[in-house]
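Hi everyone, thanks for letting me take a few minutes.

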2 protein chains.
Amino acid sequence: MKYCSLCGATVSSKIPQGDNVMRYVCDACDTVHYQNPKIVAGCIVTWQDRILLCRRAIEPRYGLWTIPAGFMELGETANAAAARETLEEACAVVEIDELFALYNIPHVSQVYIIFKAHLNAPEYSPGEESLETELFSVDEIPWEELAFPVVSAALERFVEIRDETPHRPFVDDIIR
Amino acid sequence: MKYCSLCGATVSSKIPQGDNVMRYVCDACDTVHYQNPKIVAGCIVTWQDRILLCRRAIEPRYGLWTIPAGFMELGETANAAAARETLEEACAVVEIDELFALYNIPHVSQVYIIFKAHLNAPEYSPGEESLETELFSVDEIPWEELAFPVVSAALERFVEIRDETPHRPFVDDIIR
């Protein structure tokens with residue numbers, strides 16, 4: 001960040017009065033430009049005993065497999081964001097069932113909010129951001145070709161505890 | 001937003017190619033300036049059977065009571081953010097126990113991540129952003145003087161289900 005988005009003047013990095021963190025502060029109008037972590041909302045989607053994955057048609061991690069997930073938009077709920085991302089990436093209409101887990105990824109300032117969801121019919125196809133979409137049984141999950149550590153962690157845990165009912169949502173950290 | 005924070009040129013509201021949401025896009029360098037919801041991390045802190053609340057010394061809702069909570073910072077986990085906010089607002093060192101709930105507040109583009117936490121000793125005092133800090137028994141909670149609907153909702157639910165073990169974290173929406 002070099003310029004104030006409100007007045008166009010230059011900004012400087014400094015600790016504002018009463019604060020204890022470096023912020024971008026406008027040299028002219030003194031506006032403090034806060035930066036905050038972003039939420040990635042996604043879901044582990046099942047149809048019977050299989051899991052829906054998408055092969056990425058975009059960078060980063062082009063060609064690798066992921067659960068449907070993406071940045072939450074203004075005015076949305078996390079649940080709606082997870083369902084929207086599944087519609088965009090896998091052309092699939094899901095019902096969100098419950099919270100699966102929350103993953104902190106502090107080195108990229110992201111929090112993943114991951115839901116359990118299901119399809120009411122095995123209807124899906126690649127959206128613009130996907131090369132392929134496919135339902136995998138647990139034995140078929142392409143563990144070596146998953147796009148991100150958080151996807152691996154969530155799927156491993158999902159497989160591990162899938163028979164535990166009721167599910168208890170949990171928080172975990174992905175540390176680089 | 002009126003100016004590009006990268007190059008200082010003016011921005012326009014438009015839907016970028018391949019997108020379906022209005023964004024601020026730089027008229028000169030074409031940078032798309034995404035805006036995303038913010039995470040507020042907080043906790044319901046107990047000491048024995050009492051709950052720690054803070055009376056706000058800042059706007060909005062000056063003078064009203066809240067749980068310790070605030071905007072998550074870059075590079076933090078939600079758990080660490082909730083503990084830091086409690087230290088800042090109530091000068092209290094807490095141990096975070098588990099996730100309590102996640103609240104979507106879409107009309108202000110916020111997601112509250114609320115943990116259960118406890119004090120190891122009844123040691124607390126008002127931080128700079130608090131007028132008072134106090135431990136309330138359930139019967140003493142100042143229901144009519146709580147700062148935000150999300151605080152009321154979380155405390156009501158906490159009281160309602162406090163004897164259910166194990167706790168199952170849940171997701172709810174605060175709709176205006």
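Here's a question to start us off: are Tyr103(A) and Phe170(A) buried or exposed? Have a look before I tell you. Okay: Tyr103(A) is buried, and Phe170(A) is buried too. And just so we're clear, what you see on the screen is a predicted model.

Let's stay with those aromatic rings for a bit. Searching the whole structure turns up eight aromatic pairs over all chains. Take Phe100(A) and Phe170(A): their ring centres are 5.3 Å apart and the planes sit at 80°, so we call that pair edge-to-face. If you're wondering about the cut-off, planes over 60 degrees apart count as edge-to-face. Now, where do those two sit? Phe100(A) is in strand β8, residues 94–105 of chain A, while Phe170(A) is in strand β11, residues 170–173 of chain A, so this pair ties together parts that are 70 residues apart in sequence.

How buried are they, in numbers? Phe100(A) has a relative accessible area of 1%, and for Phe170(A) the value is 9%. Buried means under 20%, so both of them qualify.

Phe170(A) has another partner, Tyr103(A). Here the ring centres are 5.9 Å apart with the planes at 85°, so this pair is edge-to-face as well. Tyr103(A) belongs to strand β8 of chain A and Phe170(A) to strand β11 of chain A, so the pair links parts 67 residues apart in sequence.

Okay, let's zoom out. Chain A is split into domain 1, residues 1–35, and domain 2, residues 38–173. Their C-alpha centres lie 36 Å apart.

Next, a sheet. Three strands of chain A make an open, antiparallel sheet, in the order β1-β2-β3. At the edges you find β1 (11–14) and β3 (32–33) of chain A, each pairing on one side only. Strand β2 of chain A, residues 23–26, is joined to β3(A) by two bridges, and Val25(A) stands opposite Val32(A) in β3(A).

How values were computed
Residues are numbered from 1 along each chain as its sequence is written. Chains are lettered from A and ligands numbered from 1 in the order in which they are written. This is a predicted model: local features need pLDDT of at least 70, side-chain atom pairs count only at pLDDT 80 or more; totals for chains, interfaces and linings use all residues. Side-chain values use heavy atoms; hydrogens and water are left out. Two strands pair if DSSP finds at least two bridges between them. Helices (H or I, at least four residues) and strands (E, at least two) are DSSP runs, numbered from the N terminus. Domain bounds come from an automatic or database domain assignment. Rings of Phe, Tyr and Trp (its six-membered ring) pair if their centres lie within 6.5 Å; planes under 30 degrees apart count as stacked, over 60 as edge-to-face and the rest as tilted. Buried means under 20% relative accessible area, exposed over 50%, partly exposed in between (1.4 Å probe, protein chains only).
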